[in-house]
Amino acid sequence: MEYECREERYVSLRAIISDIHANLEALQAVLADIESQGIKEIYCLGDIVGYGPNPRECIDLVMPCNVCLLGNHDQGALFDPEGFNKGAEEAIFWTRNVLEQGGPGSEKRWEFLGELPRMHREDKQLYVHGSARNPLNEYVFPEDIYNQRKMERIFALVDQTCFQGHTHIPGVFTEDLNFYAPEEIDFKYQLGKQKVLVNVGSVGQPRNGVPQSSYVILDGDWVYFRRVDYDYETTAQKIFAIPELDNFLGERLREGR
Ligand SMILES: [Fe+2]
């Protein structure tokens, strides 16, 4: 799938990434894909750490992003983790230990994480990790289109477009309660008058059935869904070698689940 530059662009051109989860191989592959298209502006919707084996390296790579939000796993590493399953919680404690070990850049990383905002608003666009209603923790899954009450309340808080992550499942939710996976819309969607929620998918732990990283490019009023190959086997092997990280966290990368 090739991203085609359109001549009438330059209204805004940015990459939006989310849910890196300390997966260095995935983040490097996505940043290379972004760079190869001449895109300079990157927004990150949170969950830089948690689950994966390279929290320090990933924080360092994300720091220069133009906008970066706090995710629930980032918050878990900063404070007491709440509401996580056992594997996720153990990964958060391991992550905190790694970040607390000190060494070069340690203080700067804590400071960076500690100052991340929970949302970002720009014109009629909202950027959150989870949802407009609960930026840090609420999941908006594809099946929520059948939960009219929930969706109406969330859409009421959105002026036009809300970019979000958290579920690791990319796609577009429309105000008339449809969900479109990227492959159903040829990996692109034109923003119009209708309000939409755009889930950008996950860089470091895809759960949409493909073992590739997801992110989006916003080019004017077009959203392009990208998929990027990365060396998930290397990441999985690193996870297997760390006793505190559940092996399942490596196995799931092979299938994107
Ligand atoms: Fe996440």
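**Close-up views of the predicted model**

**View 1. Gly 71 counts as buried, with 31 C-beta neighbours inside 10 Å.** A residue is called buried if 20 or more other C-beta atoms lie within 10 Å of its own, exposed if 12 or fewer do, and partly exposed in between, with the C-beta atoms placed from the backbone. The structure shown is a predicted model, in which local features need pLDDT of at least 70 and side-chain atom pairs count only at pLDDT 80 or more, while totals for chains, interfaces and linings use all residues. Residues are numbered from 1 along each chain as its sequence is written. Gly 71 lies in the loop between strand E3 and helix H3 (72–78); the helices (H or I, at least four residues) and strands (E, at least two) are DSSP runs, numbered from the N terminus. Not counting residues up to four places away in sequence, Gly 71 touches Gly 46, Asp 47, Ile 48 and His 129, where contact means that two C-beta atoms, placed from the backbone, lie within 7 Å. Gly 71 and Ile 169 are 98 residues apart in sequence, and their C-alpha atoms are 16 Å apart in space.

View 2. Most residues other than glycine have a negative phi.

**View 3. The largest nonpolar core holds 60 residues.** Such a core is a set of buried Ala, Val, Leu, Ile, Met, Phe, Trp, Tyr and Cys residues joined through C-beta atoms within 7 Å. The members that touch the most other members are Ile 16, Ile 17, Cys 44, Leu 45, Cys 58 and Val 216. Helix H1 (residues 24–36) gives the most to this core, with five residues. Ile 16, once its neighbours within four places in sequence are left aside, is in contact with Tyr 43, Leu 45, Phe 163, Val 200, Tyr 215, Val 216 and Leu 218.

**View 4. Six strands form an open sheet of mixed pairing, in the order E3-E2-E1-E11-E12-E9.** The edge strands are E3 (67–68) and E9, each of which pairs on one side only; two strands pair if DSSP finds at least two bridges between them. E11 (residues 213–219) and E12 run antiparallel and are joined by seven bridges, and the bridge partner of Val 216 in E12 is Phe 225. These two strands form a hairpin with two residues between them, and Gly 220 in the turn has a positive phi of about 65°. E9 (residues 188–190) also runs antiparallel to E12 (residues 222–228), with three bridges joining them, and Gln 190 stands opposite Trp 222 in E12.

**View 5. Helix H2 (residues 55–62) has buried residues at Pro 55, Cys 58, Ile 59 and Val 62.** These four lie on the same side of H2, because they cover an arc of only 100° around the axis, the arc being that of the directions from the helix axis to the C-beta atoms. The elements against which the buried residues of H2 pack are H1, strand E2 (41–44), E3, H4 and helix H5 (106–114).

**View 6. Helices H7 and H8 pack at an angle of about 170°, with their axes 8 Å apart.** The axes are lines fitted to C-alpha atoms, for helices over the stretch in contact, and the angles run from 0 to 180 degrees between N-to-C directions. H7 and H8 are therefore roughly antiparallel to each other, since angles over 145 degrees count as roughly antiparallel, those under 35 as roughly parallel, 65 to 115 as roughly perpendicular and the rest as oblique. Tyr 232, Thr 235, Ala 236, Ile 239 and Phe 240 in H7 meet Asn 247, Leu 249, Gly 250, Glu 251, Leu 253 and Arg 254 in H8.

**View 7. Helix H8 (residues 247–255) buries Leu 249, Gly 250 and Leu 253.** These residues are on the same side of H8, because they cover an arc of only 100° around the axis. What covers them includes helix H4 (86–100) and helix H7 (232–240). The face of H8 turned away from its buried side carries the exposed residues Phe 248, Arg 254 and Glu 255. Just after H8, Gly 256 takes a positive phi of about 65°.
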